[in-house]
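Here is a short tour of one protein model. Keep the structure open as you read, and find each residue as it comes up.

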Amino acid sequence: MNQDLEPREENAVDQKSTPVTGLDRLKQRLYRPGPLVAIFGAVLLLLAGFIMYLVHSRPASSPAVVESPIILRASVPDDGNSTRAYEEILATMLEEQVKQVDLALLETLRKTGVDMQRLELTDVQVRQHNGQIYHFQELRIPGIKDRSKFLLALQEGLAQRAPGAFLVGDGTEVVGVDIDNVQTHRIVLDITAPAPVYPSTPGPKLVIVIDDVGENLRVLKGLLKLDIPLVYAVWPVSSHTDESARLIRESGSDLILHFPMEPKGYPKVDPGPGALFTSMSAGDIRKTVDANVPMVPGAIGANNHMGSRFTESRTGMKTALSALKDKGLFFLDSMTTPKSAGRKIADKVGIAYYERDVFLDNIKVVPSIILQLRKAERIAKRRGKAIAIGHNYATTLSALRQWADQRDKSVQVIPISSLRPE
């Protein structure tokens, strides 16, 4: 009994000699096994939660599966001086693969030492497969000495650029390219094979529109020096709207309003100030048109910047096109969606209407842009007219300079004001 009391008495003596503080009591509680285990477990839980947050907040390392037919252009232009969102480009998965095949073909020519000038684009047809629009192409590449080496290099290029694309045929005179069992290219290799004869409309005409003007004056000034009549689409609200519009008017070139409209990626993808949205009332749409048109004085028409969602809205488009018609403008549909209501609404409203055929530079590589220009030429020769849309990029300027010296002179490049509406 006394033994049991001794420690307590000793403890009591210690407490008297050394006063116990609140911190001492806290230490005594914390250093017990129970609280230590609880604190350690809580720390582990907090650490695990933080790690999970980091994992889920980072972008996935594997490429995302693309389900939308809309490919968004990079948000930074060539000069790197603006963070404004640039064009929203229609690119169905099949058409995007076609362009990757084109790029693989151009790269193969370079790797195997074949002069790119030997590549002849003899025909282009606009076709559809399961609702996807794509350009079927017939090409001739005469003078390839080692066809086996060339075809092997091309198949390797296809495997890298367009995994779903394969060469078909024996490769003696003609070889084809199939993408998921859809023929997209026919390439004639034998120089002795007769060139195909296709119907051609006399006096084919080509219109080239430059979008997204207003942010890069240096490129605009270079474009204005080209000896080809381009059409310039200027943003109503941009860093250099007034100066850009003035330079274009002084050059005598066609000037149109590049009208921002709601894309399917909104609000993550922002069309910029002064845009039209499907949520707007008819009155708000008209007010927006009334506000934007005076910002680009001298404009003779308008085309849509982005707008994959808005141009599908029959109600919104009816009000917008009616308002543009009241201002004396035509409408050029950039076709950022295959479901655009532009043509049908234009017929009902009675506004002059045009429609884009080819996008030039969603692959910003000079040889690729030149090939797209050649496609536009061939479409013009087959249909009698074609409209191509490029952008205010330095690479597009370089491509147009090269193409202007070697273009098909039988195709007349004209301003859109000289082309009859559809």
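Asn181 sits in the loop between strand 6 and strand 7. This is a predicted model. Asn181 has a positive phi, about 70 degrees, yet it is not a glycine. Asn181 is exposed, because its relative accessibility is 76% and the cut-off for exposed is over 50%.

Asp180 lies in the loop between strand 6 (174-179) and strand 7 (182-188). Its phi is positive too, at about 50 degrees, and Asp180 is not a glycine either. With 53% relative accessibility, Asp180 also counts as exposed. Why are such angles worth a look? Most residues other than glycine have a negative phi.

## A cis peptide bond

Now move to Pro267. This residue lies in the loop between strand 10 (254-261) and helix 8 (282-292). The peptide bond that joins Tyr266 and Pro267 is cis. Its omega is about 10 degrees. For background, most peptide bonds are trans.

Is His185 buried or exposed? His185 is buried, because its relative accessibility is 0% and buried means under 20%. His185 belongs to strand 7. Its side chain makes a polar contact of 3.4 Å with the side chain of Gln137. Leaving out residues up to four places away in sequence, His185 touches several others, including Val98, Val101, Asp102, Phe136 and Val175.

His135 is found in strand 4 (residues 132-140). His135 is buried as well, with a relative accessible area of 6%. Which side chain does the side chain of His135 meet in a polar contact? The partner is Glu95, at 3.0 Å. Setting aside neighbours within four places in sequence, the contacts of His135 include Glu95, Val98, Val124, Thr184, Asp357 and Ile379.

## Helix 4 against helix 5

Helix 4 (residues 93-111) packs with helix 5 (residues 147-161). The angle is about 140 degrees, and the axes are 9 Å apart. Helix 4 is therefore oblique to helix 5. The crossing is right-handed.

Which residues meet here? From helix 4 come Gln100, Val101, Leu103, Ala104, Leu105, Glu107, Thr108 and Leu109. From helix 5 come Phe150, Ala153, Leu154, Gly157, Leu158 and Arg161. By class, the contact of helix 4 with helix 5 holds nine nonpolar, three polar and two charged residues.

## Helix 4 against helix 11

Helix 4 also packs with helix 11 (residues 366-383). Here the angle is about 120 degrees, with the axes 10 Å apart. So helix 4 and helix 11 are oblique to each other. Their crossing is right-handed.

Helix 4 brings Val98, Lys99, Asp102, Leu103 and Leu106 to this contact. Helix 11 brings Pro367, Ser368, Leu371, Gln372 and Lys375. How do the residues of this contact of helix 4 with helix 11 divide by class? Five are nonpolar, two are polar and three are charged.

Technical notes: Residues are numbered from 1 along each chain as its sequence is written. This is a predicted model: local features need pLDDT of at least 70, side-chain atom pairs count only at pLDDT 80 or more; totals for chains, interfaces and linings use all residues. Side-chain values use heavy atoms; hydrogens and water are left out. Helices (H or I, at least four residues) and strands (E, at least two) are DSSP runs, numbered from the N terminus. Buried means under 20% relative accessible area, exposed over 50%, partly exposed in between (1.4 Å probe, protein chains only). A polar contact is a pair of N or O atoms within 3.5 Å; within protein, one must be able to donate a hydrogen and the other to accept it, and residues adjacent in sequence count only if both atoms are side-chain atoms. Contact means heavy atoms within 4.5 Å. Axes are lines fitted to C-alpha atoms, for helices over the stretch in contact, and angles run from 0 to 180 degrees between N-to-C directions. Angles under 35 degrees count as roughly parallel, over 145 as roughly antiparallel, 65 to 115 as roughly perpendicular and the rest as oblique. A crossing is left-handed if the near helix is turned anticlockwise from the far one by less than a right angle, and right-handed if clockwise. Ala, Val, Leu, Ile, Met, Phe, Trp, Tyr, Cys and Pro count as nonpolar, Asp, Glu, Lys and Arg as charged, and the others, Gly among them, as polar.
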